[in-house]
Amino acid sequence: MTTQSSFQETRTFVDVEHCVDAILAKVGKRIVFGMPLGLGKPNHLVNALYLRAKQDPSLHLRIMTALSLEVPKGNSDLEKKFLQPFVKRVWGNYPALDYLTDLGANNLPPNVEVSEFFMKAGVFLNNVVEQQNYISSNYTHICRDMLENGVNVLSQIVAKKTIQGETYFSLSCNPDVLPSLAPMLRDMEAHSDYRCAIIAEINNNLPFMYNDAMVPVSTFDMVVDNPDYDYTLFSTPNMSVEMTDFMIGMQVSTLVKDGGTLQIGIGSLGDAIAYSIILRDQQNEQYRAVVDDLEIMENSGDLVQRIGGTQAFEKGLYGSSEMFVNGFLELYKSGILRRKVYDHVVIQRLLNEGLITEQVTPALLVQLVKFDVIPHRLMPADVAFLVQYGVFKPGVHWIEGVLHVDGLAIDPNLADEASLRLVAQHCLGDQLKGGVLMHGGFFLGPRSFYDYLRQMSEADNQQICMTTVDNVNHLYGNQELKTLQRKDGRFINTCLMVTLSGGVISDGLEDGRVVSGVGGQY
C-alpha cells in the first residue's frame, strides 16, 4: 500500500527496525520524538528506536510525551507471583515501554532524554531526572511547546478501515495532537530545510472512530503494518468507589442542568458523578429521597434551583471533555447523553432557543430562510447543504434550475407557496443529521469500554467526535459556535488542595516537586 503525499511516497513496513532505519535516513541522528498522551503511543516503534539509541551513543534521542502507561509489576516475589495471573488476564501482550522501565530505575543512557508534560500521579516524585525534565505546559498548548522544543518525528497507533474502496486511518483514542501539529511540520518542511517524519503504527484492536479522527493514509510518511504488533490495549480497571465519592457525586449531580454540558474526569469521583446522574434520571424518587437525607435542598436549595435541578432529564446532556472516560459511555448507554450539537451557528442557535427541533418540518425550512441560512430560490450549494444536514432526504438533485426527486420536477422557489408545499411533501427528510453527543480529545478506560466502541454501529459511532485537544479545551477560533454548543457547562474535576484564598493546586507540592502535571481542561 503506497499513497502519494505532497512530499514523498507513504512507505509501509512490516518490521519496526526497518522503519527506524528510514527515520534515521530522513531526519538524521538528532531526534525529538513526539507521541500523544496515554493510550496512543506506538510502543513497538518507540521501543525499537530507544534500543537503537542505547546501542549507538552517537544518536541523540529526546522523547516528548505525557502519561506513559506501565503495567503493575510488584516489588517483592510474593507481590509479583500474586500479580502475574491478573496482569496476564487484564493486559495480555501489552509491550512495556522500555524507556519507562529505565527511567524508573534512573538508568537512562546519557544520549536519551524523556520529557513528559503529565506524569502518572506521584510515580516520579523522587526521580530527580524526571522532575528536572518535566515540561510545565497546559496540554491545550502542547503543539506549540513541541515545536518550540524541536520535534521532528511524530508517531502514534492508528486503526485502519476500508470505506467505499478507499483506505482510511483513524487516530481513534488520540486525535488530540497530530491533526494540529502535522500541518505545521509539513509547512516547515516545505519552506525550510527542516526534516521531519510522521509515522503510523497500526493496531487493529483500536476502535475505529470517525469524524475528526479520520485521516487519509497520505498524512503519514511511514506506516508500520504487521498483525504481530496488534498488542492488547492498555486498560484501566474500574476501581471501587468510596462512600465519600458517592456523597460528593450526589451533591454535584444537583448542580447539573438539564439540557446542559458536562465534563468529568477519570477515576472514582467521575464514576460516582455519572452514577448519581443516572440515578437522578432513572430512579428519581429514590434519588430525591437521598437528596433529602443529605439535606442538600435545605443547605443549598437556592443554588440548586438556580443552576441545576433534581428532576429527571427531559432534554438530556451533551459531553465536552478533554478526556472521554467510561462515565460518559455509561451516560450514553443510559440515554442521558442525548443532547446533540451541530457544527452550524444558526442551526445551533435555533435549537437552543427552541425555534426548531431535530424533527424536520416545513417550519424548520422556513426558519432557515428567515435567518438567511438559505435563500428563497435554492441553488446547488443550498441543496447540498440541506441534504448534508438531513433537511432534504438523499436523492434530491438540483439540475438546470429545477429540483428533481422521485420522478418529479419542482421549482426551487421557497417564496412561492405552491413550490414550498411541493418541497415539503417530497423533499424533506425526517431528522437533522450530523449531530454530535460527545466531543473528546483522547480516551482511556477499561477493556469493556474499548469493546463497546468497537461494537457500535457506524451511525452510533458517528455521534462521538474525537477531535483535537485545542478544539475541546478552548473557545478560540470558533467562539460563537462553541459557546452555543457548550451552554450551561458544568466542568467537574478533582485537585490536590485549595488554598484559603481560593487557589486550586493540581500539579505540584510546596517544595517544587511535580506530582502529575498541569493537565489541560480549563
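Visitor: How much confidence does the predictor have in the protein chain?
Guide: The chain's mean pLDDT is 93, and 98% of its residues reach 70 or more.

Visitor: Where does pLDDT stay under 50?
Guide: Over residues 1-7, for which the model still has 18 contacts beyond four places in sequence. Where pLDDT is low, the predicted coordinates should not be read in detail.

Visitor: Why is Val-27 called buried?
Guide: Buried means under 20% relative accessible area. Val-27 comes in at 7%, so it counts as buried. You'll find Val-27 in helix α1.

Visitor: What does Val-27 touch, not counting residues up to four places away in sequence?
Guide: Asn-152, Val-153, Arg-195, Cys-196 and Ala-197.

Visitor: Which other helix do the residues of α1 meet?
Guide: That's α2. On the α1 side, the residues are Val-16, Glu-17, Cys-19, Val-20, Asp-21, Ile-23 and Leu-24. On the α2 side, they are His-44, Leu-45, Ala-48, Leu-49 and Arg-52. By type, the residues of this contact divide into 8 nonpolar, 1 polar and 3 charged.

Visitor: How do the axes of α1 and α2 sit relative to each other?
Guide: Two packed helices are described by the angle between their axes and the distance between the axes. Here the axes of α1 and α2, the latter spanning residues 43-55, come within 9 Å and cross at roughly 65°. As for handedness, α1 passes α2 in a right-handed crossing.

Visitor: Which residues touch the most other members of the largest nonpolar core?
Guide: Leu-61, Phe-220, Phe-324 and Phe-443, out of 118 residues in that core. Helix α1, residues 16-27, supplies the largest share of this core, with 7 residues. There's a second, separate core of 29 residues too, which includes Val-360, Val-373, Ile-374 and Phe-392.

Visitor: What is Phe-443 in contact with, leaving aside its neighbours within four places in sequence?
Guide: Quite a list: Leu-39, Ser-172, Cys-173, Pro-207, Met-209, Phe-324, Phe-449, Tyr-450, Leu-453 and Met-466. In soluble globular proteins, nonpolar side chains tend to be buried together.

Visitor: What makes Gln-164 exposed?
Guide: The cut-off for exposed is over 50%. Gln-164 has a relative accessible area of 83%, so it is exposed. It lies in the loop between β5 (153-163) and β6 (166-170). The phi of Gln-164 is near 50°, a positive value in a residue other than glycine.

Visitor: And why is Glu-295 called partly exposed?
Guide: Glu-295 has a relative accessible area of 38%, so partly exposed is the label. Glu-295 has a positive phi as well, near 60°, in a residue other than glycine. Its place is in the loop between α10 (284-293) and α11 (296-307).

Visitor: How do you know that Glu-358 counts as partly exposed?
Guide: Glu-358 has 24% relative accessibility, so it counts as partly exposed. Its place is in the loop between α13 (345-352) and α14 (362-370). Leaving aside neighbours within four places in sequence, Glu-358 is in contact with Lys-340, Tyr-342, Leu-351, Asp-430, Gln-431 and Leu-432.

Visitor: What makes Lys-487 partly exposed?
Guide: Buried would need a value under 20%. The relative accessible area of Lys-487 is 21%, so Lys-487 is partly exposed. Lys-487 sits in the loop between α20 (479-485) and β17 (489-492). Leaving aside neighbours within four places in sequence, its contacts are Gly-259, Gly-260, Thr-261, Arg-339 and Asn-352. The C-alpha atoms of Lys-487 and Leu-262 are separated by 9.7 Å, although the two are 225 residues apart along the chain.

Conventions. Residues are numbered from 1 along each chain as its sequence is written. This is a predicted model: local features need pLDDT of at least 70, side-chain atom pairs count only at pLDDT 80 or more; totals for chains, interfaces and linings use all residues. Side-chain values use heavy atoms; hydrogens and water are left out. pLDDT is the predictor's confidence in each residue, from 0 to 100. Contact means heavy atoms within 4.5 Å. A nonpolar core is a set of buried Ala, Val, Leu, Ile, Met, Phe, Trp, Tyr and Cys residues joined through side-chain atoms within 4.5 Å. Buried means under 20% relative accessible area, exposed over 50%, partly exposed in between (1.4 Å probe, protein chains only). Helices (H or I, at least four residues) and strands (E, at least two) are DSSP runs, numbered from the N terminus. Axes are lines fitted to C-alpha atoms, for helices over the stretch in contact, and angles run from 0 to 180 degrees between N-to-C directions. A crossing is left-handed if the near helix is turned anticlockwise from the far one by less than a right angle, and right-handed if clockwise. Ala, Val, Leu, Ile, Met, Phe, Trp, Tyr, Cys and Pro count as nonpolar, Asp, Glu, Lys and Arg as charged, and the others, Gly among them, as polar.
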